[in-house]
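Hi,

Here is the structure I promised to pass on to you. Have a look at it first, and then read my notes below.

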Amino acid sequence: MATELAWMQAADAVAVKSGGEIAALPAKAVALALPLTKDAALPTKSGIKEGALAPDSYSGFLTIKALPKKAVYQVTLSKHAWIDVVQGDKSAETVAFTGRGECPIVRKSVRFELGEGPVTLMVVGSDVETVKIAIREAQD
């Protein structure tokens, strides 16, 4: 998690508005600007439980046009929120996860097995308007 901690603390995160696209995995965090959940227009239904979203929560998504290869990828968030990863019109299954509610820099990290090609990341139910995301191939 040393890389993710460094990326989250750096001032040069890639700024992306909900619905935006980036060409490939960035070698730094992405700062995703989220609209209110009711205005988010998510591309697919989230896996979060019904009733788990606060009415004043924020949600959004971004697409990475091309993952370089099939691998396990780790998606890390700076703040509490639900993470959905969609590839090929299917929600990816969680391989592993961890969370630290008391950590002010990294809140949770979830691993997904993903294939080469485009992928959409959805961040659902945040209590803040901007969440930093780090995504990279998982390291043991």
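V85 stands opposite L121 of strand β10. The model is a predicted one, so please keep that in mind as you read on.

How many of the residues of β10 are buried? The count is 8 of the 10 residues in this strand (residues 117-126), so β10 is largely enclosed by the rest of the structure.

Is Y58 buried or exposed? Its relative accessible area is 16%, and because buried means under 20%, Y58 counts as buried. Leaving aside neighbours within four places in sequence, Y58 is in contact with several residues, including L34, P35, V123 and V128. Y58 and V128 are 70 residues apart in sequence, yet their C-alpha atoms are 6.5 Å apart in space.

Finally, turn to helix α1 (residues 2-9), where E4, W7 and M8 are buried. Looking down the axis of α1, you will see these buried residues fall within an arc of 95°, so they line one face of the helix. They pack against β5 (71-77) and β11 (130-137). On the face turned away from that buried side you will find the exposed residues A2 and Q9.

Enjoy exploring!

Notes
Residues numbered from 1 in each chain as written. Predicted model: local features only at pLDDT ≥ 70, side-chain atom pairs only at ≥ 80, totals over all residues. Heavy atoms only, no water. Buried < 20%, exposed > 50% of the residue type's maximum accessible area, 1.4 Å probe, protein only. Helix = DSSP H or I, 4+ residues; strand = E, 2+ residues; numbered from the N terminus. Arc of directions from axis to C-beta. Contact = heavy atoms within 4.5 Å. Pairing = 2+ DSSP bridges.
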